[in-house]
Amino acid sequence: MRFKQYLWSFKKRTNEFYTSTEYKTKKKFSKASLLAIVCGFIVAGIIIAAQNVNPFSYFGNLVKVAFDPLFINQTLNWFAVYIVAGLGIAIGFKSGVFNIGMAGQMLLATSLSSIVMAGTIKDNPELIPLMVFVTFIICIVSSSLLAGFAGLLKSKFNIHEVVTTIMLNWIVWYVFKFFFNTFTEFGGVNQGTSFSMPNDVFSIGGSSILIPLLIAFGCLLLIGILFAKTTFGFKLKAVGSSQTASKYAGINVKSKIIQAMMLSGAFAGIAAFISMYTVSPNTSFDIDVLPALGYDAIAVSLVAFNNPIGIAIISLLWGTLQSAGPATSSLFRMPIETAALVFGVIVYFAAISAIFMNFAPIWWAKNKYRILSKKNRKVQYDEFRKEINNYKSLLLNPKKDKNFNNLFLKYQENIILAKNANDNEKIKELKKEFKFEKKEFKNYCKAEIGKIKLELKNFISIMNDEQLHSGLSLINLNKKELIKSISEKNLSEISDIKMKNLETKDNLLNASFEYNNYENRYIEKIKTKKNNKIAAADSIYEGAVGDLLLKYDYINGKNYAIANMEKEIHILKEKIISAKSNSRLQQRIIKSSGKSEQEIKNLLIENDKNTNLKIKKLKAEISKVKSSSKVEINNLKSKHLNAVAENNKNPETLIKLKADHLKAIENANSEFEIDKIAVQQAVAKHLSNFDPKTSNNEIVMVQEIIKIAKQKVKNLQKPTLNSNFSENKNLLQKYYKEIDHIFLEAINNIVEILGENIFTKYDSNKFVNKKVAAYIEILNLQMLWKIDGIISLDINQIKNTSSKTELIKNEFKAEIKNVEVSCKKNTNNEDDFEKEFKINADKLINKLNKKHLMEVQ
């Protein structure tokens, strides 16, 4: 029964997903990616054909070579690298940041790893396994920190991450180019090359495929769960969708930007780790070209629209091209650059894949055919297009409009009159008014174009409905809406039943837990009481000692003195700034006074002298304030130390306070022991109430009731269903009502035996658990059969809806033909026929639509 319910629920969720906006959006993205790749291959095929090579043969051999035993390791390693790198880019895109610095992050990871590896294993080759793990950590940490730095600049200073990551790419490149050219002992065989990493560390049975693929698919699963199931992933997506809305929702956008960049960089590090132990063991710095892998990952993510599953599929294609492209080109005696060209063409189409999202050639062709198939439709369609083109023409040249042209001529006349009168203000005003009128006219034209386009869209929509007999689509739509409504209602009802059942079980289980932990609960209460008393005694003791030794006077007085000092210093510093500002102002006044050069010089010297004197006095006041605060703090400290010394000489008061403190703790412990004995006595009394015989008899009776209820349900004859759905509904309702009555009767009998609380004070823990388990069993059985009833009725209702829909559709098909024949007889031309047909068809649609809704409901 549970499996049947699971299947039903899974089917409902699946149907809901396939009809959701999310699925339709993903479908559009998938179509765009597929068309982009297909177009890329078509253009690449043309390039290949231009070299007298059969493109089908070329691409066929490309796949054969890629999965040949000689190349399969390399192909699947590239596949793994592209998956992880593509996921790193996708994290950034989903979070609203563009991590174009993956090339630099991977270069940093591989270069640091090669330096550490070269410095370690040359003298200790046995450390290679350990160093593989060390380099894994280095890759993740270094690349995530570099990416995080770009994220920090973005969040704190609003410096665009594209700029910072590009600059960081080249900084990393030139730093390590200098390093490997200078410190050759850390490099490879050739100067300016990094140390070549061991290439067999992932080898298992001679194959290095398994570990990279496990890492890649682990990352794929991690990102899928992160963005689909976690709060952190949801927040990243929210920031990527709208930073403003995220701020209003209480998300720390700045921290999320940094975290997204760091996470993206971490995946760049993992991709670098796989790459340097498989496909790219070292890096040459001879030519100033950054490794292309970081940029290829952007294409992978773009084509897949940042979808993890899409990234896996595209990565396999990219891995195939990267691994087998050059070898396949050589096989056909073509330049090896051909593979790179094919790769580039596909990447280009991938970059513009968004244009394919609304590409619907079949729909456009159908519309065109429907327009051209009837003369009056073509005339009406051409009129719409003519109006749109007319307004577009007016946008380019507004003077074509008679009213606007008159306005322009009047404007020119007014301008001439204003120029003759030398009224510049009037000219400016006229130009401003005309500019506004021109803008308003263009806005009007744009609004009209939008309005006509909407009318054209409605016209095409109506035309499509007429051609396809809109009644059928409306009836189908009604069917979908009715089924959706039925499903939502039944799912809601099932959810309510489950929640009610869960609430009852939770209350019962909590009550049984409290009962079973009788002693522990009371022990915890008295322990808490003891700890609270000890904490209060500690607090009183510390406060009394602090008051006696003037400790708090010293701490509070010191804080007050520092705060007061900082306040006074701040005021004095503001006065210094003000004095300097006034001095500069006075200098400007003196310089512009028109006095002689010598007088100005003397006045400036006098001004500087006065200002410096004033600043000197203010600085002296600052020193005085600092000194005064220091003296005050020292006085307070001296008083505190004197109090400590005095109490050390005469410790009677301290000894008394300590004794009072210890006595309070002793009293708390004594009270605890008394309370503990009281609890143990209460527990002993509780245990003496147990009556195993009565408890066991009650459980036997309850189990017998459950057994009888199950047998009664089993003996019930399930109704045989037929094609009469109304009769089926009544039979099913009667059948499941009877089952529910059996379980309700059983539950009432159990409650009569066990009581409302199911267990009592004479039940031991063992019997409490057994009684609770039995009661929960009958509740679960009742719930499962209720859900089964809802599912059976749901299936019957949906079958009824589908059956009635088919009957209505057949009736509509027959009657629409009669309407068409009748209209042709009563009209003389095509225009009149279409008008008459539309009126009658609409009446028929409304009539059958009402009938459909009435019969199904």
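Okay, before anything else, a word on helices: a helix here is a DSSP run of H or I with at least four residues, a strand is an E run of at least two, and both are numbered from the N terminus. With that in hand, L417 is found in helix α17, residues 402–420.

Some housekeeping. This is a predicted model, so local features need pLDDT of at least 70 and side-chain atom pairs count only at pLDDT 80 or more, while totals for chains, interfaces and linings use all residues. Residues are numbered from 1 along each chain as its sequence is written, and side-chain values use heavy atoms, with hydrogens and water left out.

Back to L417. Is L417 buried or exposed? L417 is exposed, with a relative accessible area of 57%. For those words, buried means under 20% relative accessible area, exposed means over 50%, and partly exposed is in between, with a 1.4 Å probe and protein chains only. The areas themselves come from the Shrake-Rupley method with that 1.4 Å probe, and for residues only the protein chains shown count as cover. L417 also sits 9.2 Å from I427, C-alpha to C-alpha, and the two are ten residues apart in sequence.

Now have a look at helix α5, residues 102–121. Its 20 residues reach 28 Å from the first C-alpha to the last, close to the 28 Å expected at 1.5 Å a residue. That expected span is 1.5 Å times one less than the number of residues. Helix α5 is mostly covered, with 17 of its 20 residues buried.

Next, the surface. F133, I137, V141, L145 and M262 make a nonpolar patch of about 440 Å². A patch takes residues with over 30% relative accessible area and no salt bridge; nonpolar side chains (Val, Leu, Ile, Met, Phe, Trp, Tyr) are joined within 5 Å, and like charges within 9 Å. Which helix gives the largest share of the nonpolar patch? Helix α6, residues 128–157, gives four residues. M262, for its part, is in helix α11, residues 253–277, and counts as partly exposed at 30% relative accessibility.

On to salt bridges. Side chains of opposite charge can pair when their charged atoms come close. The rule here is a side-chain nitrogen of Lys or Arg within 4 Å of a carboxyl oxygen of Asp or Glu, and the count by this rule comes to eight.

Take K771 and E698: their side chains meet in a salt bridge at 2.4 Å, N to O. K771 lies in helix α26 and E698 in helix α24, residues 692–715, so the pair ties together parts that are 73 residues apart in sequence. K771 is buried at 2% relative accessible area, and E698 is buried too, at 9%.

E777 and K710 form another salt bridge, with the closest N and O atoms 2.9 Å apart. E777 is in helix α26 and K710 in helix α24, so this pair ties together parts that are 67 residues apart in sequence. Here E777 is partly exposed at 33%, and K710 is partly exposed at 39%.

One more: E161 and K154 meet at 3.3 Å, N to O. E161 is buried at 3%, and K154 counts as buried at 15%.

On a 1 Å grid over the protein atoms alone, a cavity is a set of points where a 1.4 Å probe fits but cannot get out; a pocket is an open set with protein on both sides within 12 Å along at least five of seven lines; and lining residues have an atom within 4 Å of a point. Points are joined across faces, edges and corners, and a volume is the space filled by probe spheres set on them.

The second largest pocket holds about 720 Å³. It is lined by 34 residues, and K489, K729, Q733, L793 and Q797 lie nearest its centre. How many lining residues come from α26? It's 13, the largest share.

As for cavities, a search of the whole structure finds one of 30 Å³ or more. Its lining includes I526, K529, F672 and D675, and α20 (518–548) and α23 (652–688) each supply at least two lining residues.

Last stop, backbone angles. Most residues other than glycine have a negative phi. N158, though, has a phi near 55 degrees; N158 is in the loop between α6 and α7 and is exposed at 62%. L550 also has a positive phi, of about 55 degrees, and lies in the loop between α20 and α21.
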